[in-house]
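Hi,

Here is the structure I said I would pass on. Have a look first, and my notes follow below.

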Amino acid sequence: MNIFNRFFLRAVLLPSGLYRKMGVNIPHLKAILTTKLMMDDRRVSGIQQTRKKKLKKEPKNTTIGSMLATAIMGCVFLFAFSVGKDYLTQLTIYFSFYIFTLTSVLISDFTSVLIDVRDNLIILPKPVNDKTFVLARLLHVVIHVSKLVMPMALPTVIALGIKEGISGFLPFIFLVIAATLFTIFLINAMYLLILKFTTPERFKSIISYFQIFFAIFFYAGYQLVPRLVSKTLISGYSIASFKYAFLTVPYWFAAGWQYLHDFQWNSPLFIYFLLTILLPVFSIWIVIKYFAPSFNRKLSMIGGSESETAPVQQKGKAIVSTTSAYISTLGGWLTEKGTERMSFLHTWKMTGRSRDFKLKVYPSVGYIAVYMVLLFVNNGKLSLDNMHNQTGPGKFVFMSVIYFSSFALMMAIYQLAYSDKYKAAWIYFITPIQSPGKLLSGALKSIIVKLYLPMVVLTCIAALIIVGPQVIPNLIFGIFNQILIITFVGYLALRDIPFSTQQASVKGSGFIRGLVSMILPLILGTLHFFVYPYLIVIIVLGILSIIASWLMMDALKNKGWGKIQVKEYES
Amino acid sequence: MDPIISLKNVYKSYGAKQVLKGINLDIYPGQVIGYIGPNGAGKSTTVKILCGLISDYEGEVSIEGINLKQDPIAVKAKIGYVPELAELYDVLTPVEFLGFMGELYNMPKELATDRITKMLAAFGLEANMHQRMDTFSKGMRQKVLISSGLLHNPDIIILDEPLSGLDANSVIIVKDLISKLAKDGKTIFYCSHMMDVVEKVSDRIVLINEGTVIADGSFEELQQQQGNQSLEKIFAHMTSKDSLSDAADQLMNAFGN
């Protein structure tokens, strides 16, 4: 156990005498907390899990790692102090970020770390009394949240301490605690709300959508906000100019700090200070009174393996497949009957239902979308006029949008081989499949239809409206170049049967693949850029690109067993 | 002799669905109870009530004369439970996990460590004692689970499919262990679907179906009532409405045009 865990453990056990009087068994409490912290230390935390691939080594001391990561995030928050002309504005922004970030991190931790459903079978049959168990859970939450909050707030505490002295950081510490309590309330409320509208089985996928949304939102905020708003505007901005600011919670916290900092009893800011005290108290009261009783019970249903909670299928009511008829039709057009079509539909369902896949792929699709927006925002000389005439920056943006779009699929292609249930791929190795390449081409087509087709439709509509029908040859050439790139990368990258590999096995050839998927769009894009005005050349090259895509897909389809890794699974 | 486990008119429902419909059972020290029944009969619900995992049942359950509702902690201390699903904190090592269990059972540390080492060694897990369990096979996890149920030397041992995942040699060890524990005066509550094992291991068989006890007695007694056949046949005869060989026929017919 590392120094931080030992420190926290000792800190929360300080009032042991009090606990004992409440009827808590201290050795049990200590044993449960020690074990929980030890396990936390070996688990990759929420703050890192969306980015990092599974580690090869056994994760060790992840506490220190995630505390460091959180501290860095805390430093990023300092940018809030470069915005606006007064502390009220800066702290409003700071607390907005703080509450938002904490919510996004804790929302996933709550189910995976803090409320471990295994507790029900492991700890509850043991002679541990309820008070001890509840207190252990509570203190574990406190420690876990502190491990996040402390490094996150530390940079600002130091900064305020240097700038304002004691009257700067002491009120801040107080308000951070209040904001944290409020955030926990917020998460509780969100959980309960989600559970109200959905079944516990779907709960986890909804939480993962939250994570995807937060990841994209952060990236967008990080990329767009500084660019959208000019520097002078930022530094001169005051929250006071926004009339309804006083209705927002972060503003209360900021005003609360201002009140404590100035320390004038009769200041009108007193009302906000009062709110910052009342809000957490009120939140905790609601949590204890209304949320907590049903909360644990409902949460334990989420991970429950009980057949009692399994949905009862009504007799005579057929199970309706969510793969709608139009996908089958689309598959009918695009794929060959048999293995390839089976793989197309199978991949469609798997990618739509696998939480893991979505969690890995959708953020990267979102990043590309953000990047596209960035192309428009970033370009000062861009105008509707030069976009319409396809000159200068207008042409550049058009090309960039087309040639960037394939990046969104790269992650999906790499992710295709992986699955939580990778062992289920034994079915491919025991059935008499003649040409396994068709499994790959079917899966690749499925991904293209699912992720690229919507982008193509959007791009085409936008291009036709802004530029007009004269763009069509270039559009077609560009799009087929993308498909060529995607199939080429697919040919290189897809060497495993879809969904047949464990996430942990990271291959060494990733670099080459990454390079190809970067360079190929660049080469083709540059080429396209220069031949853009010559219609005949574009048409000829467009036809060549279509043929090349076709041949590439055919090559993938004809990959034999020799080029595919056959897996042996241990039991 | 007073029963060590006694259930009187135990009812339990999940919502509108009644799972236990008045279970009456008296179990005496040193007995090995084979608790069998088809899926959904109420087996695991009974086990969970005995382990103190479910408290909102009706009726009276007492263990060694202690009312389960009044003092669940005292009851839990006397029971060792090996759950069916291999639920354990698999980022821990067996020694860490069992040490934790020992602390929850209020065992002195030296005693716990000594027992853990001996038990794991006996199960052939010496080399894996300090490895994290996330790499363990199902059988290895099961051995750790069995150790965790026996660690505090309980009077009552509840085993839910304890042989799942174990190899043939380990199965012999555990079966042998069960009879030795019974000889030592322990009461064993054995839940399983493997009729041949139940037939051999238990000296009293309790068969439940749809929430009620439909047969109770030694294997020989059951044979006298139901005709001289294997437990598997007796079980099928008593719990299935349709003839099972009809089902097999229908499966064969599926091949036909």
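Let me start with a strand pair in chain B: strand E1 (residues 5-14) and strand E4 (residues 58-63) run antiparallel and are joined by 5 bridges. One of the pairs there is Tyr11(B) with Glu58(B) as its bridge partner in E4(B). By way of terms, helices (H or I, at least four residues) and strands (E, at least two) are DSSP runs, numbered from the N terminus, and two strands pair if DSSP finds at least two bridges between them.

Some housekeeping: this is a predicted model, where local features need pLDDT of at least 70 and side-chain atom pairs count only at pLDDT 80 or more, while totals for chains, interfaces and linings use all residues. Residues are numbered from 1 along each chain as its sequence is written, and chains are lettered from A and ligands numbered from 1 in the order in which they are written.

Back to the sheet. E1 and E4 belong to an open, antiparallel sheet of 4 strands in chain B, in the order E2-E1-E4-E5. Strand E2 (17-27) and strand E5 (66-67) of chain B are at the edges, each pairing on one side only.

Chain A has 24 helices and 0 strands. Helix H9 (residues 166-197) of chain A has 32 residues and spans 47 Å from first C-alpha to last, close to the 46 Å expected (1.5 Å times one less than the number of residues). Its buried residues include Phe169(A), Phe172(A), Phe182(A) and Tyr191(A).

How many residues of chain B are in contact with chain A? There are 22, against 23 residues of chain A, with contact meaning C-beta atoms, placed from the backbone, within 7 Å. On the chain B side, H3(B) gives the most, with 4 residues.

As for cores (buried Ala, Val, Leu, Ile, Met, Phe, Trp, Tyr and Cys residues joined through C-beta atoms within 7 Å), the largest nonpolar one has 79 residues, and Ile158(B) and Tyr190(B) touch the most other members.

Cheers

Terms used: Buried ≥ 20, exposed ≤ 12 C-beta atoms within 10 Å, placed from the backbone. Contact = placed C-beta atoms within 7 Å.
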